[in-house]
Amino acid sequence: MEEAARLKSEPGGNMDVGGAALAGSLIAAGLVDEYRLLIHPVILGAGHPLFPPLEERVSLRFIESRTFRSGVVYLRYEAVNRQD
């Protein structure tokens, strides 16, 4: 997590992260500023949760959404700082 925090503090770009385990660790460490979710119109009934159990609630502010012909819905949110 120290390396991810260091990279976040550097100017010059965004870092995209995929995968429940890595993303979950970054969420728990408070290092995620924006969430981009793709919701597919399929129910599998199994799998790994994207969001880990958290000690504190993460408030999100809606930014945008898109719906594709396939039925996939794209949702974009930003994390809200407690001071906001």
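Biologist: Which class does Tyr 77 fall into: buried, partly exposed or exposed?

Modeller: The model is predicted: local features need pLDDT of at least 70 and side-chain atom pairs pLDDT 80 or more, while totals for chains, interfaces and linings use all residues. Residues are numbered from 1 along each chain as its sequence is written, and side-chain values use heavy atoms, without hydrogens or water. Buried means under 20% relative accessible area and exposed over 50%, with partly exposed in between (1.4 Å probe, protein chains only). Tyr 77 has a relative accessible area of 22%, so its class is partly exposed.

Biologist: How many aromatic pairs are there?

Modeller: Rings of Phe, Tyr and Trp (its six-membered ring) pair if their centres lie within 6.5 Å; planes under 30 degrees apart count as stacked, over 60 as edge-to-face and the rest as tilted. By this rule the number of aromatic pairs is two.

Biologist: What is the geometry of the pair formed by Tyr 35 and Phe 51?

Modeller: The ring centres of Tyr 35 and Phe 51 are 6.1 Å apart. With 50 degrees between the planes, the pair is tilted.

Biologist: Where does Phe 51 lie?

Modeller: Helices (H or I, at least four residues) and strands (E, at least two) are DSSP runs, numbered from the N terminus. Tyr 35 is in strand 1 (residues 34–39), and its partner is 16 residues apart from it. Phe 51 lies in the loop between strand 1 and strand 2 (60–67).

Biologist: What is the geometry of the pair formed by Phe 62 and Tyr 77?

Modeller: The pair links Phe 62 in strand 2 with Tyr 77 in strand 3 (residues 73–79), 15 residues apart. At 5.8 Å centre to centre and 70 degrees between the planes, the pair is edge-to-face.
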